[in-house]
Structure formats: structure tokens, C-alpha cells
Protein chains: 2
Amino acid sequence: MSDLGTVAVGQSGGPTAVINASLAGVIEGAHAAGSKVLGLRYGIQGALTSDIIDLSAVDTEALAHTVSAGLGSVRYKLKAEDYDQILKAFDAWNVRTFIYIGGNDSMDTADQLAQVAYQRNLPLHVVGVPKTIDNDLPFTDHCPGYPSAARYVAAVVRDVGLDARAMRRIYFLEIMGRHAGWLAAASCLARDVEGAAPHLIMLPEHSWDERLFVSSIDEALSRYHHCIVAVAEGFKLPEGDVHLGIIDPFGHVRLGGIARQLAELTKERLNLPNVPNSDILGYIQRASSLSRSEVDLQEAREVGRRAVEVAADGQSGFMVTIERLSSHPYRASYGLQRLDTIANETRKLDGAFLVSGRYDVASEFIDYAAPLVGELPKSYRLY
Amino acid sequence: MSDLGTVAVGQSGGPTAVINASLAGVIEGAHAAGSKVLGLRYGIQGALTSDIIDLSAVDTEALAHTVSAGLGSVRYKLKAEDYDQILKAFDAWNVRTFIYIGGNDSMDTADQLAQVAYQRNLPLHVVGVPKTIDNDLPFTDHCPGYPSAARYVAAVVRDVGLDARAMRRIYFLEIMGRHAGWLAAASCLARDVEGAAPHLIMLPEHSWDERLFVSSIDEALSRYHHCIVAVAEGFKLPEGDVHLGIIDPFGHVRLGGIARQLAELTKERLNLPNVPNSDILGYIQRASSLSRSEVDLQEAREVGRRAVEVAADGQSGFMVTIERLSSHPYRASYGLQRLDTIANETRKLDGAFLVSGRYDVASEFIDYAAPLVGELPKSYRLY
């Protein structure tokens with residue numbers, strides 16, 4: 001077992017409902033190894049600005065049950081001149097273990113630090129902990145954060161589906177997912193009876209087919225007198241992404257508006273008197289306290305604990321992964337994957353999860369996602 | 001005790017999280033009185049189109065726990081020629097009791113029917129059951145539907161507050177409330193520590209004060225490094241309502257966009273590089289299964305049961321009201337109010353619930369609303 005020194009930990013990228021459970025796991029792992037643990041405020045920026053918190057006395061149970069990133073988070077792209085400063089700070093704080101909890105961009109940051117430390121022969125172990133509601137990291141069955149966000153989306157789409165059914169309305173709901181439709185796909189998971197919402201699921205993995213779109217809405221209206229469309233923000237019309245014209249530090253354009261655009265198209269094509277209602281589900285979907293998945297809470301904490309163990313085993317440059325052993329009952333174990341194979345890769349929905357000729361997902365997707373999300377309460381229907 | 005005949009019941013206006021609990025209460029009340037109970041599909045339209053369901057065998061427990069309007073709902077303004085048709089249908093079905101569950105417009109419909117039946121000396125008893133997330137019916141302490149929607153709003157604003165805190169962001173959230181700010185005001189109910197979200201609460205009852213707006217955001221940013229603005233859709237800028245240019249059958253314009261407009265103004269006035277994020281909370285806030293209030297569920301059911309008892313007492317032309325007896329512990333009893341004094345009246349936030357010189361609500365509002373919403377889980381903070 002190698003000397004962990006002080007464990008530094010940071011949270012990065014968009015918050016989730018369980019990213020604090022992973023932080024709690026890291027703290028518990030460090031305690032178990034007899035190490036001090038330092039929190040970097042606002043991710044890697046905390047190392048650059050010496051903005052750190054001693055996490056030794058944290059109530060990890062209470063922390064694990066609080067949504068969003070308790071240390072503060074950041075979207076910061078490392079510059080070449082940052083390495084020296086970060087490594088010097090780590091050295092000054094006796095940090096020999098760095099755990100970074102985040103998504104694609106954060107694994108890139110962790111990978112760069114691991115590589116520079118290796119090249120310089122420094123005694124620093126860097127381990128990544130996966131976190132993203134987008135579920136788009138490769139080499140892991142799924143990402144902590146996704147099951148809880150998926151559970152929220154499933155419950156919301158069921159509820160707005162019952163609302164639209166009562167009002168005999170068409171309703172478009174725009175769900176997060178830039179390149180991959182994992183979260184919008186989860187909108188189907190509370191579909192408990194024939195005709196239940198959503199009636200169309202439109203993902204970045206789907207291509208635009210106007211005839212299919214119009215005929216699917218038409219069919220839902222004539223059969224069920226309402227129609228719910230769950231659309232990923234990254235669904236593409238031929239003219240490209242619908243966005244707000246704002247760009248983040250990683251060069252990502254802020255998306256938003258596809259639901260409204262599809263609603264306007266629907267009015268036109270179906271000759272409706274008004275534009276159907278549409279909403280963007282918004283920030284609440286990624287870190288809601290109202291519908292966290294039990295599997296997610298447990299796994300998020302466990303990957304945090306494992307990350308410290310991996311460093312204690314003398315390994316660096318890896319991300320902890322989740323490997324599914326069985327779906328019924330759901331069981332998983334944990335593995336490792338090299339950071340340089342993960343960084344900036346995006347995992348789209350597997351082909352087997354899609355169906356052709358319909359804006360929907362295959363039953364294989366439900367088999368995959370349902371055990372992660374857990375059981376959702378049934379609704380009772382009078383007609 | 002007068003002969004109820006068959007009890008007809010309808011749901012009207014926007015769905016809520018507990019309007020089915022009121023329906024369950026009506027069914028239970030009819031059972032207790034030994035009466036048959038018929039559901040009108042899509043509110044009063046069901047009487048016009050003979051679209052009815054026998055509710056005798058309904059599982060009222062399961063129904064009470066399902067959100068949205070299980071019978072279907074409607075926004076329909078009665079025409080003069082409708083009265084004959086409805087009263088004829090009621091007579092054919094042996095309906096001598098009509099219970100209408102709804103908000104302002106629905107109480108107007110119920111009032112008209114009660115008056116026509118009275119003028120014609122028909123043996124029909126009409127009783128209204130209050131329902132609205134807007135909480136804007138007069139003469140009742142609050143309306144079933146409001147506590148649950150308020151609980152949802154409070155939890156969401158706490159959660160997006162933690163998200164914005166982690167990301168050091170300004171965020172505008174637009175909450176339902178056309179003429180009255182009851183629901184947006186509830187955004188403060190999970191504010192558990194100094195500096196917790198929301199930092200500004202902007203209601204239709206507030207007037208526009210640009211200096212106050214800008215300085216309040218500025219202050220939140222410098223003290224807390226993030227700022228959450230909870231704004232009611234009906235908050236008015238000097239140029240009037242921000243809306244989508246769509247009008248419903250009652251002549252109400254569909255609102256939407258004030259959050260985005262305030263965000264754009266904030267960019268301009270604070271010289272920000274980007275427009276701050278904003279979301280419209282959307283339809284989910286009115287009928288979410290994720291955060292129903294226990295008080296609300298019980299009261300919604302009880303007002304349904306009482307409505308049948310009121311008819312059995314031989315009374316007609318009344319709405320059941322809730323009268324608060326005490327806040328700590330919370331206790332209420334039930335009363336009656338004439339429908340003609342309620343119809344189309346809007347209750348705004350009481351003056352005592354507002355503060356001057358701040359975009360916020362007074363502690364008196366918290367004393368009023370907190371017992372309705374119930375306890376919300378605390379969040380744990382690292383800094």
C-alpha cells in the first residue's frame with residue numbers, strides 16, 4: 001500500500017444529485033486509509049488560488065444527502081502554465097493523491113495532471129470518479145448522477161403526461177443531452193399503460209423525418225387525445241442545433257429552444273389555432289433532491305471510496321468504472337479504465353437501444369435503465 | 001337531510017397534485033350518503049356531450065394518490081343555450097347534486113348553474129370545491145392544490161440555489177402566478193441559512209424599481225457569489241405583461257418570458273459577458289407527484305367529502321372553504337361561502353405578507369405558508 005499523503009479532492013462540471021455522495025465516499029476512503037483530506041473549492045481552480053477546505057470533520061452522511069457540488073464546481077480548461085502551479089501547491093500541502101469527480105472535460109484535466117506528474121516522476125496519484133447526468137462517459141455501464149436525473153425525468157414526464165391527458169393537449173418538453181440522448185430516453189421509464197406519455201422521444205441519435213414526426217403526433221392525438229413529446233436539447237433539425245448563441249469556456253454552445261421550434265412546426269403542419277405548449281426542463285433536472293435513485297446514491301459513494309483505494313494500491317491515471325453483473329436483480333462491481341481513453345470521448349446511445357421507424361427507444365433500453373432508476377409509483381386511471 | 005339523487009362531479013381548470021384527492025372525497029361522501037356518483041369527463045363539457053363515467057367502483061385511495069385531473073378537465077365558458085341542455089341531462093340522469101371542483105372560472109360556472117336551477121325551482125344542489133395552485137380564491141385561508149405546488153416550488157428553488165451556488169451563477173426562475181404571487185412567494189420556504197436562495201422574490205404585487213433590482217443582484221453577488229431570482233410570470237415591467245401572444249377561451253393571454261427579459265436586463269446593467277441563465281418552471285409545478293403536501297392531500301379529500309354533506313343539508317350555491325384555527329400546531333375547520341361572492345374574484349397577497357424596499361416577502365408569509373407545505377429536508381454546507 002503506497003503512502004497517500006494528504007488526499008486532495010475536487011468536484012467539476014455540472015452538479016448532480018449525488019456528486020456529494022461521491023465526495024462523502026472519498027472522505028470516508030481517506031479516513032479509512034488514515035489520511036488527511038483537503039477539498040479544493042471550485043474544482044481545480046481551488047489548487048490555483050489556494051482555496052481549500054479541511055474536510056476531516058465533515059458529517060459525510062448529511063453531505064451525501066445534499067444535492068449539488070458542496071465544494072463548489074467549475075468549468076475550467078487547464079493552461080500549460082497551470083501545471084507547475086498546481087503541482088507546487090500539491091507539494092506544499094503534502095498532497096500525494098488527487099481525486100477528481102467529474103465528466104468528460106474533468107477526466108481530461110485529471111489525465112493531463114497524471115501525465116505531467118508521471119513525466120516529472122512526482123509521487124502523485126491521480127484517480128478520476130465519474131459523474132455526469134448525461135451518462136456519456138465510455139467504458140462504464142453508466143455514470144453516477146445519471147440514474148437520479150433519469151428518475152426525475154421519468155417522474156416529470158409521467159406527471160406532465162397526466163396533465164396533458166386531462167387537458168387534451170400537445171406538449172413538448174426539452175430535456176438535457178447535447179450529443180447523447182440518455183436522459184431524454186429515460187422519459188419512457190414511468191410509462192405504465194398503453195398510451196401513456198411520452199408518445200414521441202426524439203434524441204440526438206435520431207435523424208429528422210418530418211413525415212414521421214407529423215404522423216406520430218397525429219396518431220397520438222387521434223388515439224389518446226393528447227401528445228407528449230420528450231426531446232433532447234441536442235436533437236438536430238437539418239438547419240443544425242437550436243441554441244442561444246452563448247459559448248462556454250470549453251467552446252460548447254449553450255443549447256435551448258428545440259422544443260419550441262418543434263411546437264411551432266407542429267402548429268403549422270397540423271393547422272392548429274395555437275402553438276402547442278412547450279417547456280425547457282431546465283437546471284432542476286440535474287440536481288433535484290426530490291427523486292434520487294437509491295442505486296445511484298450507493299454507487300456514487302462507493303466509487304468515491306474505491307478511488308482512494310485505487311490510489312492506495314499505487315495506481316494513477318485511471319477512472320473508476322461501474323460494471324454491471326446482472327440486471328435482475330441488479331448487481332454491479334467496479335473496475336478501472338485509463339483516463340486517456342476516456343477524456344473527451346462521448347458515448348452515444350447503443351444501437352440496440354434505438355428502434356427504426358419510430359421516435360422512441362427499444363425495450364432493451366428499458367431493461368438497461370429501469371434497474372438504475374428504481375420503481376416508480378403507478379398512476380390510477382378512471383378511463 | 002335532502003335527497004341527493006345521483007351526485008354528478010366534474011373537475012375544471014388546470015390540474016393540480018391533489019384535485020383527484022378531492023374527487024376521491026366526493027365519491028366517498030356520496031357512498032356515505034348512499035348515493036350513486038357519476039363523473040363528468042372534461043368538466044361541464046361532459047354534461048353537454050353525455051360523456052360520463054360511473055364512479056361507484058373506483059379505488060378512491062389509489063385515485064387520491066394520482067396527480068392531475070383523473071376525469072379530464074376543461075376551460076369552457078358556459079353559453080346561455082348550454083343551461084337547458086345541462087339541466088335536461090342532469091334530470092335524465094336523476095342528478096340532484098352537482099359538485100364542481102375548480103378555481104375562479106369554475107366557481108363562476110357553478111354559480112350560474114345554481115342560480116338558473118334556483119330560478120326554475122329545480123331540485124338541484126350545486127356545491128363548489130376549491131382547487132387552484134394560484135391560491136387566489138377569496139374567503140378561504142388557502143386553496144387545495146396550493147400547498148403541494150408551493151412545496152414543489154420551495155424544494156426546486158432550494159435545489160437550483162445549491163446548483164447556482166456551486167457554479168457561482170445568476171439564475172432566474174419563472175414561477176406560475178398571473179395576478180397574485182402566492183406560488184412564487186413560496187420559493188422562500190426552504191431558505192434554511194443566511195444567504196440561501198432565493199435572493200430576490202418578484203411578485204405581481206411588487207412594482208418595478210430598477211435601482212432596487214440591480215442593487216439587490218449586485219449585493220447577492222458580492223456577498224454570496226451567486227444570485228437566484230424567483231419571479232412570478234405576472235410580474236410587470238412598465239411596458240406591461242411579458243407574454244406569448246396566445247389567448248385562451250376565457251380571454252387570458254398566455255404569459256411567459258419575464259425571467260428571460262430580466263436576465264437580459266441584468267446582463268446589460270451589470271455589464272456581464274453573457275445573459276444569465278433563466279428557466280420557466282413550466283407545467284410540472286402544478287401537478288408534480290414528487291412533493292405533495294400531507295396537509296394538502298388530507299384537506300383536498302376532506303373538502304370533497306364536505307361538499308356532499310353540504311348538499312345533503314339542503315344547501316346550494318356555496319363553495320366549501322378552509323378556516324385556519326391555529327398555525328402551531330396547524331389546525332383548520334371548514335366553512336361555506338356563497339359562490340356569487342367568489343366567482344371571478346382574485347385574492348392577491350395580503351399587504352402584511354410583503355416588505356417594502358426589498359424584493360422579498362415578510363416573515364408573516366412564512367408563518368402562513370410553512371405549516372401548509374410541511375417540513376423540508378435541510379441541506380448540509382461545507383462553506
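**Exercise 1. Determine what share of the residues of chain A count as buried, and describe the overall build of the chain.**

Step 1. Of the 383 residues in chain A, 58% count as buried; a residue is buried if 20 or more other C-beta atoms lie within 10 Å of its own, exposed if 12 or fewer, and partly exposed in between, with C-beta atoms placed from the backbone. The model is a predicted one, in which local features need pLDDT of at least 70 and side-chain atom pairs count only at pLDDT 80 or more, while totals for chains, interfaces and linings use all residues. Residues are numbered from 1 along each chain as its sequence is written, and chains are lettered from A and ligands numbered from 1 in the order in which they are written.

Step 2. Chain A has eleven helices and 13 strands. Helices (H or I, at least four residues) and strands (E, at least two) are DSSP runs, numbered from the N terminus.

Step 3. Chain A is as compact as a globular protein of its length, because its radius of gyration is 22 Å, close to the 21 Å from the globule rule for 383 residues. The radius is taken over C-alpha atoms, and the rule is 2.2 Å times the number of residues to the power 0.38. Along the principal axes, the C-alpha atoms of chain A fill a box of roughly 70 × 40 × 30 Å.

Step 4. Among contacts in chain A between residues at least 6 apart in sequence, 75% join residues at least 24 apart. Two residues are in contact if their C-beta atoms, placed from the backbone, lie within 7 Å.

**Exercise 2. Describe how α1(A) passes α10(A).**

Step 1. The axes of helix α1 (residues 19–32) and helix α10 (residues 294–312) of chain A come within 7 Å and cross at roughly 35°. Axes are lines fitted to C-alpha atoms, for helices over the stretch in contact, and angles run from 0 to 180 degrees between N-to-C directions.

Step 2. The crossing of α1(A) and α10(A) is right-handed, meaning that the near helix is turned clockwise from the far one by less than a right angle (anticlockwise is left-handed).

Step 3. The contact of α1(A) with α10(A) has ten nonpolar, four polar and five charged residues. Ala, Val, Leu, Ile, Met, Phe, Trp, Tyr, Cys and Pro count as nonpolar, Asp, Glu, Lys and Arg as charged, and the others, Gly among them, as polar.

**Exercise 3. Work out how chain A is related to chain B, and what makes up the contact.**

Step 1. A:L290 comes closest to the rotation axis of the residues of chain A, at 3.0 Å (C-alpha).

Step 2. The contact takes 45 residues from chain A and 45 residues from chain B. On the side of chain A that touches chain B, α6(A) gives the largest share, eight residues. By class, that side has 26 nonpolar, 13 polar and six charged residues.

Technical notes: Copies are superposed by least squares on the C-alpha atoms of residues with pLDDT of at least 70 in both.
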